[in-house]
Amino acid sequence: MIRMNEQEAYERLADFIQDYIYDNGWEHLSSMQIRAVGAVLEKKHNLLFTAGTAMGKTEAALMPALTDIYEHPADSVGILYISPLKALINDQFCRMEEMLAGTGLFITKWHGDAAVSRKEKLLCVPGGILQTTPESLEAMLCRHPENVRILFSDLQYIVIDEIHYFMGNQRGLQLLALLERMQRIIGREPVRLGLSATIGDSRQALAYLNAGSTRKAKVIDYKEERRQYLISVTSTRIGGTDYPVAYGKKILKQSMGKRTLLFTNSRRECEILVAQVRRLALRAGLPDCYYIHHGSISRELREEAELQMKQREGPVLTGTTLTLELGIDIGDLDEVIQASQPLRISSMVQRVGRSGRKTMQSRIAFHLRYFEAEGGVLENLDLSLVRTIAMIELYFREKYLESVRLPRFPMNLLVHETLSILSQKGCLYPHRLAEELLELAIFRHISQDELKQVLRAMMEKDYIRLYEDGAVGLSDAGERLCDHLEFYAVFESEETFSVRWNEQEIGTVDRAYKAGDSFFLAGRTWEVQGCDMKHKRIDVEQGTAKADIRFGGKGALHTDRRTMEQIHQVLASEETYSYLDEEAAGILAELRAEAKRLGLLTLLSREPGTDNLLVFPALGTDTIRTLYYIWNSGGVTCERVMLRGLLYGIRICSMTEQAFRIYNARILEKGCRINQAYLLKKERMEGKYFDILPEKLKFKELTEDALDRQGAAEFLKLLAQGEEHIR
């Protein structure tokens with residue numbers, strides 16, 4: 001790797017980039033940006049850029065890549081930029097367009113909302129940067145594979161922004177398959193540049209970035225930590241009302257006079273809280289400076305919220321979900337408020353990084369609601385405060401981030417890619433189809449026999465057909481499926497209804513409301529005037545009636561082993577935390593006392609007043625779920641202990657401790673078996689094609705990619721030996 005000092009790196013960049021750096025008042029290049037110049041221009045390795053939010057990762061990757069394609073013009077698009085969100089593409093477009101002004105290089109957006117004229121112009125004269133999403137790239141491969149050759153024949157770089165967002169899920173595997181298929185068409189391997197602020201395990205991230213590439217991969221990180229974090233945690237006791245006025249008043253007080261993002265864990269929570277805070281503000285005579293930004297709000301209203309956050313001089317608050325978690329430029333923020341416990345540490349870090357970009361002093365206020373347990377019932381215990389403290393301690397003291405397990409048996413995606421490849425190429429003989437599929441890196445663990453089982457299932461469901469000459473192709477139903485825009489997304493999409501007021505789209509809802517119903521959306525209450533089922537349209541007028549709204553789906557509360565260990569540690573210790581307010585500190589003391597009373601800190605205990613055992617291992621969600629299925633499959637009646645959404649342990653019904661230990665020794669002898677029928681009854685993997693898969697392959701995907709059999713077996717060995725071997 002070429003080593004340069006700051007002056008050498010600056011002078012190696014193209015003149016227009018030097019001008020951009022000067023015009024924007026940069027005092028210096030970061031160490032990451034300096035190292036990136038030589039590393040990118042060598043073009044030998046795929047590179048993973050890891051640094052905190054607003055630390056210049058995008059510039060580190062793109063400045064030398066742009067220099068290269070400027071000095072050595074490609075005969076096609078030179079840089080393919082892939083983003084998880086169209087909004088992030090639109091934001092980066094504006095930034096890059098300013099940098100490229102007057103250079104002859106141009107940047108083109110290629111997604112469903114982008115101008116057709118710009119796409120056609122690029123096809124006539126391909127060059128510069130093309131920005132797209134995995135779904136738009138899939139559509140290009142399926143519908144117009146000839147455009148792939150035209151646009152990318154001399155492609156030099158692939159930039160994957162927010163790479164952590166793709167890792168460990170179906171959409172991320174889809175992207176890897178698309179890149180490899182594209183490489184086959186153009187006959188070359190462009191350099192891959194991955195960008196992320198929240199990588200827990202760089203080895204896993206490098207393995208993801210490098211899948212399907214023969215290049216080596218290296219990390220370029222940035223460890224100069226100048227950012228300070230100011231953290232506060234409040235917890236509000238709630239009774240019969242989920243969102244009491246006292247809670248809304250705390251958020252209003254926290255945000256007054258500030259530029260603030262209010263992050264929530266669901267669209268419904270976002271709508272409720274912004275409506276409540278706005279109502280309290282207007283009653284107090286404060287200006288209306290409240291906006292909403294989530295996936296069910298229309299693009300126009302989301303862009304209006306982004307514009308207000310950028311340009312409004314006075315205080316402003318926007319309620320949002322993950323749509324503003326990533327790097328969309330909304331100006332400098334005074335503070336981030338997190339309503340409810342964070343779903344993941346990585347998500348928490350992304351969110352806090354949105355504030356203090358100029359001052360390098362990030363502020364995050366956690367506003368939690370505490371559901372007081374009734375009658376000492378175990379399952380009613382609310383540990384959201386403890387879980388939040390554990391996550392704060394792990395990251396802000398240890399810089400710990402969760403790792404991501406890469407799926408090994410993505411059977412759902414195998415169905416999707418079979419359809420996609422047949423849509424692209426037409427009919428293929430079985431051996432050629434097998435080569436096209438199983439030589440993709442993401443399917444390297446899937447056997448020929450398993451592929452045959454999937455193809456037979458697809459024929460039975462009339463997705464594909466076998467022709468007289470032995471070739472495999474799409475059936476009529478398969479062609480209709482692949483011709484639909486929803487096909488290109490590997491995730492299941494909700495049925496939605498467009499909500500319109502005076503012909504302006506407000507957003508979408510996922511259910512049909514009838515005339516006279518009221519609901520709130522985009523922070524306002526709406527009264528339904530009519531619902532057109534055929535065109536999926538709901539016409540509304542502004543209303544005043546009390547209303548609510550519900551959206552389908554919710555984020556899974558997944559907890560890894562290290563976080564669970566920290567939860568146990570927070571409950572067991574007497575440590576005080578300076579960032580807790582008085583009410584939160586009092587609630588923590590109560591929770592610690594209750595944890596001791598209920599035996600939450602004991603690995604194996606008798607449930608008071610019953611003949612049941614309680615098992616509370618400090619293990620991750622996947623491992624506890626695996627133990628549950630192993631024990632159930634072995635003939636023991638057991639139940640998962642869910643503490644308001646947190647999987648904390650397992651209840652073993654009607655068994656003595658000695659019998660339980662003997663039972664576990666026998667399970668180990670038999671190999672920790674899991675009953676296939678029981679597992680498939682209880683669990684479902686993500687993906688649109690799960691139901692068509694053979695039972696055996698569903699079971700394999702679940703046990704290999706959703707559960708942790710190895711971790712469960714290791715725990716059972718220790719449990720059979722005795723508790724002293726575990727603690």
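Mentor: Contact means heavy atoms within 4.5 Å. This is a predicted model, in which local features need pLDDT of at least 70 and side-chain atom pairs count only at pLDDT 80 or more, while totals for chains, interfaces and linings use all residues. Residues are numbered from 1 along each chain as its sequence is written, and side-chain values use heavy atoms, with hydrogens and water left out.

Trainee: Thanks! Which residues does Thr108 touch, not counting residues up to four places away in sequence?

Mentor: Start with where Thr108 sits: strand β3, residues 107-110 (strands, E, at least two residues, and helices, H or I, at least four, are DSSP runs numbered from the N terminus). Leaving aside residues up to four places away in sequence, the contacts of Thr108 are Phe93, Arg118, Leu122, Ile129, Leu130 and Gln131.

Trainee: Is Thr108 buried or exposed?

Mentor: The relative accessible area of Thr108 is 2%. Buried means under 20%, exposed over 50% and partly exposed in between, with a 1.4 Å probe and protein chains only. Thr108 therefore counts as buried.

Trainee: Which residue of β4 stands opposite Ile107?

Mentor: Strands β3 and β4 run parallel and are joined by 4 bridges; two strands pair if DSSP finds at least two bridges between them. On its other partner, β4 is joined by 4 bridges to strand β2 (residues 79-82), also parallel, and there Ile79 has Ile129 as its bridge partner. Opposite Ile107 stands Ile129.

Trainee: Which residues of strand β4 point the other way from Ile129 and Gln131?

Mentor: In a regular strand the side chains alternate between the two faces of the sheet. In β4 (residues 129-132), Ile129 and Gln131 point one way, and all the residues named for this strand are buried. Pointing the other way are Leu130 and Thr132.

Trainee: What is the strand order in the open sheet of 5 strands?

Mentor: The edge strands, each pairing on one side only, are β17 (504-509) and β18 (518-521). The pairing in this sheet is mixed.

Trainee: Which residue in β20 is the bridge partner of Cys531?

Mentor: Strand β19 covers residues 524-532 and β20 covers residues 537-542. The two run antiparallel, with 6 bridges joining them. The partner of Cys531 is Ile538.

Trainee: Are the rings of Tyr395 and Phe396 stacked or edge-to-face?

Mentor: Rings of Phe, Tyr and Trp (its six-membered ring) pair if their centres lie within 6.5 Å; planes under 30 degrees apart count as stacked, over 60 as edge-to-face and the rest as tilted. Tyr395 is buried at 9% relative accessibility, and Phe396 is buried at 17%. Together with Tyr229, they form one aromatic cluster. The Tyr395 and Phe396 ring centres are 5.2 Å apart and the planes lie at 85°, so the pair is edge-to-face.
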